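Trainee: I have a new model open. Please show me how to read its features.

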Amino acid sequence: MSTPAAPFDLRQMPVFLRGAAGPIAGWLTQPSARRVGFYVAVIMAGAGCFGATIGWWRAPTQALYTAIKLPLILLLTTLGNALLNGMLALLLGLSLTFRQSALAILMSFAIASAILGAFSPVMFFLVWNVPPLSTAGPVDWTAYRLILVTQAAAIAFAGVAANLRLGQLLRHVSGRPAIARHVLLAWLAGNLFLGSQFAWVLRPFIGSPGLPLAFLRPDPFASNFYEALWGALKHLLFG
């Protein structure tokens with residue numbers, strides 16, 4: 001007989017935000033469609049608000065585009081790696097089903113999105129106060145780089161915090177820190193590999209000042225993130 005789904009209640013929000021390993025482990029063993037919907041809603045709202053603030057410096061239209069694309073990257077990464085992450089968990093000795101593995105990662109992305117949503121007013125304050133992007137005059141590259149670095153710092157902070165909570169959950173489920181650490185690192189590698197490529201295809205997010213405003217680049221599937229990274233490294237190291 002299958003175990004009934006754990007009841008979902010918005011009063012559980014503090015437990016979710018704290019990433020409390022014990023209760024969340026129970027949610028994994030008794031998943032519910034409403035809880036999945038809640039995670040997706042948090043990702044759409046939190047990452048969407050953050051995306052809107054970083055796109056606003058370019059134009060309101062870019063804000064809308066980025067508000068759509070940033071949550072889409074997180075959801076596509078969860079779906080795209082669901083099978084792989086489930087297999088990695090089993091191979092590394094963690095007894096989670098494929099659905100439970102996907103739900104754990106979705107939960108960590110939801111925590112990261114909630115943190116990004118909390119950063120949105122700060123990011124908007126920055127965007128509102130730096131010199132706006134001028135399409136007629138010279139580009140203020142200092143403002144562009146400031147927004148880029150601040151955005152990266154906020155995303156990095158949210159990612160670290162979410163993965164610390166995910167690591168606590170895996171340790172609670174496995175009971176063995178070494179297994180939890182190996183699974184977490186394997187998941188991070190897979191999610192980074194796929195997520196960075198989704199980000200490459202769905203670019204731009206802020207929008208390069210010298211290029212026209214667009215939802216996607218004219219050639220989104222040309223090259224890939226890793227070729228671009230290697231090219232940038234070669235240019236930096238060898239000129």
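Predicted model: local features only at pLDDT ≥ 70, side-chain atom pairs only at ≥ 80, totals over all residues.

Trainee: Let us start with helix H7. How many residues does H7 have, and what span does it reach?

Mentor: Helix H7 covers residues 141-174, which is 34 residues. From first C-alpha to last it reaches 48 Å, close to the 50 Å expected at 1.5 Å a residue.

Trainee: Which residue follows H7?

Mentor: Gly175 does, and its phi is positive, near 75°.

Trainee: Now the interior. What is the general idea?

Mentor: In soluble globular proteins, nonpolar side chains tend to be buried together. Here the largest nonpolar core has 54 residues. Phe16, Tyr39, Trp57, Leu170 and Trp187 have the most contacts inside it. Two or more core residues come from each of H1, H2, H3, H4, H6, H7 and H8.

Trainee: Which helix gives the largest share of this core?

Mentor: H6, with 14 residues.

Trainee: Take Leu170. What does Leu170 touch, leaving out residues up to four places away in sequence?

Mentor: Leu170 touches Leu94, Leu96, Gly175, Ala180, Val183, Leu184 and Trp187. Gly175 is also the residue that follows H7.

Trainee: Which residues form the nonpolar patch on the surface?

Mentor: Leu83, Met87, Leu90, Leu91, Leu92 and Phe98. Together they have about 590 Å² of accessible area. Helix H5, residues 82-91, gives the largest share, four residues.

Trainee: Met87 lies in H5. Why does Met87 count as partly exposed?

Mentor: Because its relative accessibility is 41%. Buried means under 20%, and exposed means over 50%.

Conventions. Residues numbered from 1 in each chain as written. Heavy atoms only, no water. Expected span 1.5 Å × (residues − 1). Core = buried A, V, L, I, M, F, W, Y, C linked by side-chain atoms within 4.5 Å. Buried < 20%, exposed > 50% of the residue type's maximum accessible area, 1.4 Å probe, protein only. Contact = heavy atoms within 4.5 Å. Patch = residues over 30% accessible without salt bridge, like charges linked within 9 Å, V, L, I, M, F, W, Y side chains within 5 Å. Areas by Shrake-Rupley, 256 points an atom, 1.4 Å probe, with all protein chains shown as cover. Salt bridge = Lys/Arg side-chain N within 4 Å of Asp/Glu carboxyl O.
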